[in-house]
Amino acid sequence: MKKRKLSRRITWRVIGIMSFFNVLIVGVIVAFVFVLSLGNGSMRGQYVTDGIADNVETMLQLAKTVTFNNRSDVEANMDSPEHVFDALERIMKINKRLAGCFVAFEPDYFKGQGRWFEAYAYYADSTHVDCRQIGSPQHDYFNGAWYQRGLSLERDDDGYLTDLYYDDTVNSGMFCSYVIPVFDCQGRKVGVYGVDLSLDLLDVIIDEAMRNVRKEFMVDAQEDIGEDGEIYFSIQIIDSKGNRITGSDSLDISMLKGEQEVVDRELDMKDLKHTPYYINAKQLGATGWTLVVFQHRDLVFAWGWVLAVIIVFCMGIGCLVIFFFTTRSIRRATKPLGFLSESAQEVAKGNFDAPLPTFKHNDEVAQLRDSFGTMQQSLKEYLEEQKALSATKAAMMSELNVAHTIQMSMIPKTFPAFPDRKDLDLYASLTPAKAVGGDLYDFFIRDDSLYFCIGDVSGKGVPASLVMAVSRTLFRNIAAHTDKPSHIVETMNVNICDGNEQCMFVTLFVGVLDLQTGRLRYCNAGHDAPYVQAEHLPCDPNLPVGLNPDMKYSEQEAMIAPGKILFLYTDGLTEAENSSRDLFGMERVDEVIATFEGSPQELIETMTAAVHQFVGDTEQSDDLTMLAFRIRK
């Protein structure tokens with residue numbers, strides 16, 4: 001029963017996974033087909049909009065070119081009304097696509113012609129150009145927006161393209177005009193010159209585009225409209241207020257004012273909700289008009305539906321065949337797993353010596369059995385290694401604890417350090433970043449002088465702690481026979497350089513303070529300059545010890561007034577990091593010291609609290625050592 005149940009479960013699971021991915025693949029393919037259909041429809045619409053937009057741009061460029069190219073001819077013939085009409089007639093004969101051209105002059109420009117004079121030339125028929133004066137109180141162009149806007153321009157400015165308007169002064173119809181100012185021979189602005197473009201030109205452009213679309217995508221014009229009366233393909237030009245200017249049919253454009261949903265941002269297609277249309281839209285130059293191409297959803301997805309049905313049918317037949325053969329194969333292949341299951345359960349219980357079954361066939365199941373055998377042996381060896389590793393780690397931790405105890409015992413840590421002396425107040429602290437560290441400090445009194453040092457060994461851990469122990473021992477031994485800080489540092493440098501194959505070095509500050517006079521002699525070897533109250537002690541830039549055995553170290557002097565605290569520290573203070581990797585820094589050290597009033601012990605405790613507050617729960621990254629003392633008043 002168990003074998004059949006396991007086999008059935010695996011079989012249905014595998015079949016379920018395969019069915020899921022088959023459905024997913026079919027879905028992806030069908031979706032891809034529809035995406036291609038959508039993209040094809042968008043490219044069709046974009047092809048049409050770009051073509052019409054280019055023609056409209058050409059038309060507008062024609063108006064601009066004609067206007068600017070012929071302004072000089074108009075300006076050269078403004079000596080009489082007859083010459084103006086002749087110039088306009090020549091312009092119309094050369095540019096037959098214009099609806100008309102005109103020059104409107106300032107009031108009373110031509111004496112005897114009255115206040116209004118607007119010369120206008122147009123085609124009375126397909127071959128004859130007629131000219132007339134159309135300015136009058138009824139056609140008061142002075143108050144027209146086109147005239148006022150054109151008159152406000154300068155010679156080097158682009159012209160002004162008017163909105164579409166209805167005009168029945170000469171030929172009734174919808175027009176737009178392109179106007180620029182004209183100037184007399186003295187450079188004075190005397191009127192406005194421009195050309196008219198007829199809406200009929202737009203109809204010609206749209207009709208030409210529809211013929212190209214039908215030729216490429218349809219059989220004849222009847223296929224623009226489906227059997228249900230819905231329009232499959234339409235081209236509309238809409239003004240800035242959403243009103244239809246012209247187009248290939250009377251499709252209701254009110255749908256454009258409703259809610260729209262972006263379908264393909266890259267192709268700029270929109271699906272009009274509640275209506276089965278997709279649109280492509282494009283602004284037409286500087287006109288403020290919008291060209292819109294409508295495509296019925298059935299037109300966009302026609303071939304997509306056909307391909308989708310074929311793909312789904314073929315994939316369905318394939319899934320049935322795969323289902324049949326997969327079921328039989330899985331049932332046959334999973335039979336040996338029942339035997340291996342019982343042995344695997346024993347191994348899972350911790351019985352690593354449990355016997356495993358053998359199989360005649362050298363297939364994946366047999367390899368799985370061999371892997372179980374290897375796993376049994378590896379687990380047994382791993383457990384033995386973990387036991388040995390735990391013992392080794394415990395011994396290592398014990399040794400590090402002993403090393404920490406030995407290292408900490410080498411530095412003075414009992415305070416007050418000199419209880420029998422009332423003239424000295426001294427305190428120090430050392431917090432290693434690891435079990436053992438590389439920072440050191442030391443001090444003792446000889447001949448009524450305080451000998452002290454603070455140092456920081458490069459690196460961390462055991463190697464740094466060994467160098468720290470050597471440095472502290474050297475300081476004690478050398479300082480016992482000399483009172484010159486420079487000699488102490490130079491002798492330590494020679495000894496540390498000897499046999500220093502790891503090139504480890506120590507930043508060191510050594511000083512001798514006369515407790516009677518306050519005279520401080522000191523030598524700095526690459527260490528941070530200490531503070532005397534809130535001011536840095538001047539220090540020469542000497543190399544750390546351990547780098548150059550021939551290095552000569554300079555010695556300096558200063559007077560320490562009674563009551564002033566000398567504060568020494570290692571870079572573990574300024575380079576303490578918080579969780580954002582920001583450093584504690586010198587500015588924060590300055591802030592603590594600048595406002596501090598108290599004993600050396602209180603100073604170190606205050607500084608330690610400031611560091612802990614800054615770093616928070618962040619793990620300590622470097623040894624932190626501080627030493628402070630003062631001569632009591």
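Which residues lie nearest the centre of the largest pocket? Of the 28 residues that line the largest pocket, A99, Y120, F175, D196 and S198 lie nearest its centre.

## Basis of the model

This is a predicted model, in which local features need pLDDT of at least 70 and side-chain atom pairs count only at pLDDT 80 or more, while totals for chains, interfaces and linings use all residues. Residues are numbered from 1 along each chain as its sequence is written, and side-chain values use heavy atoms, with hydrogens and water left out.

## The largest pocket

The largest pocket has a volume of about 460 Å³, and the elements that give two or more residues to its lining are β2 (118-123), β5 (165-167), β6 (173-183), β7 (189-198) and α4 (199-217). Helices (H or I, at least four residues) and strands (E, at least two) are DSSP runs, numbered from the N terminus. By class, the lining of the largest pocket divides into 15 nonpolar, seven polar and six charged residues, where Ala, Val, Leu, Ile, Met, Phe, Trp, Tyr, Cys and Pro count as nonpolar, Asp, Glu, Lys and Arg as charged, and the others, Gly among them, as polar.

Pockets and cavities are found on a 1 Å grid over the protein atoms alone: a cavity is a set of points where a 1.4 Å probe fits but cannot get out, a pocket is an open set with protein on both sides within 12 Å along at least five of seven lines, and lining residues have an atom within 4 Å of a point. Grid points are joined across faces, edges and corners, and a volume is the space filled by probe spheres set on the points.

## The cavity

The count comes to one cavity of 30 Å³ or more, and the largest cavity has a volume of about 60 Å³. Its lining is made by Q533, A534, I565, F567, I593, F596 and L603; by class, this lining has six nonpolar, one polar and no charged residues.

## Salt bridges

The structure holds 18 salt bridges, a salt bridge being a side-chain nitrogen of Lys or Arg within 4 Å of a carboxyl oxygen of Asp or Glu. D425 takes part in a salt bridge with R630, the closest N and O atoms being 3.6 Å apart. Since R630 lies in strand β23 (residues 624-631) and D425 in strand β14, this pair ties together parts that are 205 residues apart in sequence. The side chain of D425 also meets that of R632 in a salt bridge (4.0 Å, N to O); R632 lies in the segment after β23, so the pair of R632 and D425 ties together parts that are 207 residues apart in sequence. D425 is buried, with a relative accessible area of 14%, whereas R630 is partly exposed at 22% and R632 is partly exposed at 37%. Here buried means under 20% relative accessible area, exposed over 50%, and partly exposed in between (1.4 Å probe, protein chains only).

R476 forms a salt bridge with D442, with the closest N and O atoms 2.6 Å apart, and this pair links distant parts of the chain, R476 being in helix α8 (residues 461-479) and D442 in strand β15, 34 residues apart. D442 counts as buried at 0% relative accessibility, while R476 is partly exposed, with a relative accessible area of 29%.

## Backbone features

Most residues other than glycine have a negative phi, and most peptide bonds are trans. The peptide bond from F415 to P416, however, is cis, with omega near 5°, and P416 is placed in the loop between α7 (364-409) and β14 (424-431).

Positive phi values are found at D448, where phi is near 60°, and at C503, where it is about 55°. C503 is found in the loop between α9 (485-497) and β17 (506-514) and is exposed, with a relative accessible area of 56%.

## Helix α1

Helix α1 spans residues 2-76 and holds L24, which is partly exposed at 41% relative accessible area. L24 is one of the residues that make a nonpolar surface patch of about 630 Å², together with I17, F20, F21, I25, V28 and I29. Patches are made of residues with over 30% relative accessible area and no salt bridge, like charges being joined within 9 Å and nonpolar side chains (Val, Leu, Ile, Met, Phe, Trp, Tyr) within 5 Å; accessible areas come from the Shrake-Rupley method with a 1.4 Å probe, and for residues only the protein chains shown count as cover.
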